[in-house]
Amino acid sequence: MTEKDLAQRTSLRFNDLWSYDSAPESSDYVQLKERYDLFIDGAFQPPENGKYFKSINPATEEVLSEVADAGKADVDKAVKAARKAYNGTWSRIPAKERGKYIYRISRMIQERAREFAILESMDSGKPIRESRDIDIPQVVAHFFYYAGWADKLDYAFPGVKPKAVGVAGQIIPWNFPLLMAAWKIAPALAAGNTVVIKSAESTPLSLYKLAELLRDAELPPGVVNIISGAGNTGAEIVQHPDIDKIAFTGSTEVGKLIQKSVAGTDKKYTLELGGKAANIVFEDAPVDQAVEGIVNGIFFNQGHVCCAGSRLLVHEAISEELVRKLKMRMETLIVGDPLDKNTDIGAINSRPQLEKIQRYLAESVEEGQDIYQTKCTLPEKGYWCCPTLVDNVSQSHRVVQEEVFGPVLTIQTFRTPAEAISLANNTPYGLSGGIWTDKGSKIFKVGKDIRAGVIWSNTFNKFDPTSPFGGYKESGVGREGGLHGLLPYLELSK
Ligand code: ADP
């Protein structure tokens with residue numbers, strides 16, 4: 001057999017191995033209404049201004065439904081309902097009863113997990129594997145975990161009597177709609193607060209499904225109010241005088257606006273903002289595992305995660321081998337229908353987000369960086385981006401410094417741990433990071449010196465409700481998850 005024959009055969013086998021028949025989940029599991037009103041005081045209510053906007057499926061560009069665009073009057077109505085529920089019921093019922101409601105919510109979401117996962121993939125574009133195996137199980141786990149805290153708060157802070165803050169205003173992004181809602185609603189309710197929460201403009205639907213579920217769970221009216229709208233609706237929540245605490249997840253730019261807006265008020269706030277995580281691979285790392293961790297960190301989620309491992313820092317002794325293996329692995333990634341169970345990379349969440357990613361890549365080309373994109377075939381409709389490597393970059397390039405929020409990985413090499421630490425820290429952000437090495441001592445040394453809220457070692461993007469999450473520097477203020485995640489929702493007085 002000639003070498004050419006052999007090569008042909010190998011590539012045939014490779015393609016055979018990685019071609020799967022499509023295995024889509026059925027969207028029939030999800031019953032969507034044509035229009036969703038605001039969920040205020042336990043009932044769906046039309047917006048005062050009569051305005052609605054459309055939510056589309058980014059994989060098909062089809063309109064899924066339209067949702068209310070809440071204005072100032074609606075925000076005020078929602079805050080009043082939350083205040084009434086706080087004073088009237090939620091702060092009065094025994095803590096263990098609060099816990100029971102939260103357990104019930106957790107159980108009911110679990111029972112309807114498939115429906116929620118499919119809807120989340122339809123509205124956001126994320127692969128069903130992610131919504132089914134990560135988003136929804138984590139949502140359930142968060143409600144379950146915080147349900148357990150409700151009646152134990154009195155024992156959590158010795159010598160101190162914790163008290164709820166009051167009404168929480170919560171604003172979430174589009175990358176993990178229901179999960180971000182769970183991160184915010186579950187600790188707020190467990191600590192005895194009531195909530196007004198706003199979804200992101202491109203992913204409002206799973207929160208309205210949650211609203212239906214809360215109603216079915218007979219949560220007292222007004223305890224959780226769910227509204228939709230764009231940035232100005234968010235700003236109304238932030239500025240409302242009767243909100244006691246703001247919880248925000250989103251861009252650093254908006255986080256700074258919120259910080260300015262609450263300065264001088266007695267509102268508490270937590271901000272979970274952008275990130276530019278370095279995934280550091282040392283020369284003694286298990287290379288194949290690291291490749292899998294890198295792919296998981298930046299490609300499986302379209303790069304739509306603030307803690308995505310968007311910068312690869314690799315020791316120069318193994319960089320050639322690692323990049324070669326990474327490219328091979330990337331070529332096997334399936335980009336396409338988010339509802340297909342074989343899909344690795346779904347749709348980019350919206351057209352503006354795709355355009356933003358494309359602008360970064362165009363600039364990289366102009367600056368002479370090396371771009372490697374896989375040969376994936378993309379569906380005709382929808383918003384898509386093939387997994388991309390950007391090599392030959394320097395620390396000052398925008399693609400290295402700024403959050404692209406797409407499946408785009410930059411590559412830099414280093415020679416010493418000190419150089420790796422310095423490159424990792426040379427960013428305005430500090431949300432997360434990854435270390436790949438055989439040596440525990442190196443994990444501790446490097447992990448200690450990287451200024452980021454979460455460092456994963458020999459793994460990436462692992463979450464657990466018991467573990468606090470949050471950033472250093474421009475990645476935010478405060479922590480969510482674990483006991484730390486309750487603190488912003490409590491007043492602790494002697
Ligand atoms: P991204 O760039 O990821 O879309 P944003 O920070 O723009 O992040 O959006 C995150 C959330 O913040 C969304 O729910 C959005 O509607 C809301 N938002 C945008 N601008 C403001 C603002 N000025 N004040 C409060 N919330 C805002």
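Predicted model: local features only at pLDDT ≥ 70, side-chain atom pairs only at ≥ 80, totals over all residues.
View 1. Local features need pLDDT of at least 70 and side-chain atom pairs count only at pLDDT 80 or more, whereas totals for chains, interfaces and linings use all residues. Residues are numbered from 1 along each chain as its sequence is written, and side-chain values use heavy atoms, with hydrogens and water left out.

**View 2. Oxygen atoms of the ligand and side chains.** Ile 172, Trp 174, Lys 198, Glu 201 and Ser 251 come nearest among the 17 residues around the ligand. A ligand oxygen lies 2.8 Å from a side-chain N or O atom of Lys 198, while the corresponding distance is 2.7 Å for Glu 201 and 2.6 Å for Ser 251. The protein buries 79% of the 550 Å² that the ligand exposes when taken alone (Shrake-Rupley method, 1.4 Å probe).

**View 3. A salt bridge between Lys 77 and Glu 48.** The side chains of these two residues meet at 3.2 Å, N to O, in a salt bridge (a side-chain nitrogen of Lys or Arg within 4 Å of a carboxyl oxygen of Asp or Glu). Lys 77 belongs to helix H2 (residues 72-90) and Glu 48 to the loop between strand E3 (43-45) and strand E4 (52-56), so the pair ties together parts that are 29 residues apart in sequence; helices (H or I, at least four residues) and strands (E, at least two) are DSSP runs.

Key
Near = heavy atom within 4 Å. Polar contact = N/O pair within 3.5 Å; in protein donor to acceptor, adjacent residues only side chain to side chain.
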